[in-house]
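Please follow this walk through the helices of the structure.

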Amino acid sequence: MFSALISAISAHLVYFILHIQNTSSFPKPLSPKEEKEMLEKMKNGDKNARAILIERNLRLVSHIVKKYYSKTNDTDDLISIGTIGLIKAIDSFNSDKGTKLATYASRCIENEILMYFRAGKKLSNDVYLSDALEVDKDGNPLTIEDTISSPNDLADDLEKKIQWEKAAKLLSHMEDERE
């Protein structure tokens, strides 16, 4: 419910920003000097600087969605979700650590999209043999596939099946019933 609300809000944010400028493309990114100024203003509490940073980095969200997730049909949803990641990145970015905003924001955007996919997978109730049940002390996952056991040896069963097929083939080629 909450994520749907955030998704709707961010979709309207993207729509609003694009239609204010009367263009169909995203605004140009800030220069490094402008970005540094906006980050400094935002650090001092300027809400307008935060909005500018979000607006000018929307192209990054679109780029990540198109580059990594072009095979999905819900591009608009992914851009909305990526925008949430961008907003989180801008709110939590620390320029003192020496990382560029675009690098940090890229990871946040990708993480937000991955969380969306994981949530969708959980909601779909699909279970895969490779799903981890738990993790051991060394970090190795115990999968469902590891826990499935069978009293039959599949290799022996396959060998027996091959032998029976060969015998049936030989019997079908016999011309005389007495053979």
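Thr 83 lies in helix H5; helices here are DSSP runs of H or I with at least four residues, numbered from the N terminus. This is a predicted model, in which local features need pLDDT of at least 70, side-chain atom pairs count only at pLDDT 80 or more, and totals for chains, interfaces and linings use all residues. Residues are numbered from 1 along each chain as its sequence is written, and side-chain values use heavy atoms, with hydrogens and water left out.

Thr 83 has a relative accessible area of 0% and is therefore buried, a term for under 20% relative accessible area with a 1.4 Å probe and protein chains only. Cys 108 is 25 residues from Thr 83 in sequence, and their C-alpha atoms are 9.7 Å apart in space.

Helix H5 covers residues 75–92. Its 18 residues should span 26 Å at 1.5 Å a residue, and the end C-alpha atoms are 25 Å apart, which agrees; the expected span is 1.5 Å times one less than the number of residues. The buried residues of H5 include Leu 78, Ile 79, Gly 82, Leu 86 and Ile 90.

Helix H2 (residues 32–43) packs against helix H3 (residues 47–56) at about 140°, with the axes 7 Å apart. Axes are lines fitted to C-alpha atoms over the stretch in contact, and angles run from 0 to 180 degrees between N-to-C directions. H2 is therefore oblique to H3, since angles under 35 degrees count as roughly parallel, over 145 as roughly antiparallel, 65 to 115 as roughly perpendicular and the rest as oblique.

Key:
Helices (H or I, at least four residues) and strands (E, at least two) are DSSP runs, numbered from the N terminus. Buried means under 20% relative accessible area, exposed over 50%, partly exposed in between (1.4 Å probe, protein chains only).
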